[in-house]
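Have a look at the sequence and the model, then read on.

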Amino acid sequence: GNVTSQKMVLVFDTQFLCVLSGNIVQKQVDGQESITTAGKDFCYINADLKGKIHLDTLKQLENEGASEKTLSYLRSHLDLGNIRNSNGKIDCDFLKQLAQDGA
C-alpha cells in the first residue's frame with residue numbers, strides 16, 4: 001500500500017523464544033513515519049514453545065528484560081509438568097505470582 005520502507009530492529013532473548021525489545025519503523029509515501037514498539041504494541045513469540053517454558057525460563061526472560069505483556073503470554077504456556085527450579089524445589093513464590101496473574 002502506502003509504505004515505502006520498513007526498518008526492524010529486534011533484540012531476542014538468549015534462547016530465541018521471544019523478542020525482548022526493539023521497534024519497527026514504517027515510512028509512508030507522504031514521508032510520515034509510524035513506530036511500533038516490541039513488548040508494548042506487539043509481542044513476537046517463537047511458535048515452537050511446547051515443553052520449553054519452565055519456571056527457570058520465565059525468570060531468565062524476566063531478568064533479560066522481557067516485557068510484562070510478553071511474560072504474561074509465556075506464562076500461559078508454562079509446562080506444569082515441571083514446576084521445580086533447577087535446584088529441584090517447587091518455587092512457591094513464583095506459583096503465587098502466577099496465580100495472581102491469572103495463569
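The points below go from the overall layout to the strands, and then to the core.

1. Some ground rules. This is a predicted model, where local features need pLDDT of at least 70 and side-chain atom pairs count only at pLDDT 80 or more, while totals for chains, interfaces and linings use all residues. Residues are numbered from 1 along each chain as its sequence is written, and side-chain values use heavy atoms, with hydrogens and water left out.

2. Overall layout. You'll find 3 helices and 3 strands in the protein, and along the sequence they come in the order β-β-β-α-α-α. Helices (H or I, at least four residues) and strands (E, at least two) are DSSP runs, numbered from the N terminus.

3. Strands β1 (residues 3–12) and β2 (residues 19–28) run antiparallel and are joined by 9 bridges; strands pair if DSSP finds at least two bridges between them. K7 sits opposite V25 in β2. There are 6 residues between β1 and β2, and F16 in the turn has a positive phi of about 60 degrees.

4. The core. A nonpolar core is a set of buried Ala, Val, Leu, Ile, Met, Phe, Trp, Tyr and Cys residues joined through side-chain atoms within 4.5 Å. The largest one has 13 residues, and C18, L49, I53, L58, L61 and L74 touch the most other members. Two or more residues come from each of α1 (55–64) and α2 (68–75), and α1 gives the largest share, 3 residues.

5. L58 lies in helix α1 and counts as buried because its relative accessibility is 2%; buried means under 20% relative accessible area, exposed over 50%, partly exposed in between (1.4 Å probe, protein chains only). The C-alpha atoms of L58 and R75 are 7.4 Å apart, with the two residues 17 apart along the chain. As for L49, leaving aside neighbours within four places in sequence, it is in contact (heavy atoms within 4.5 Å) with L17, Y73, L74 and H77.

6. Whole-protein numbers. Buried residues make up 30% of the 103 residues. Of the contacts with a separation of 6 or more, 51% are between residues 24 or more positions apart.
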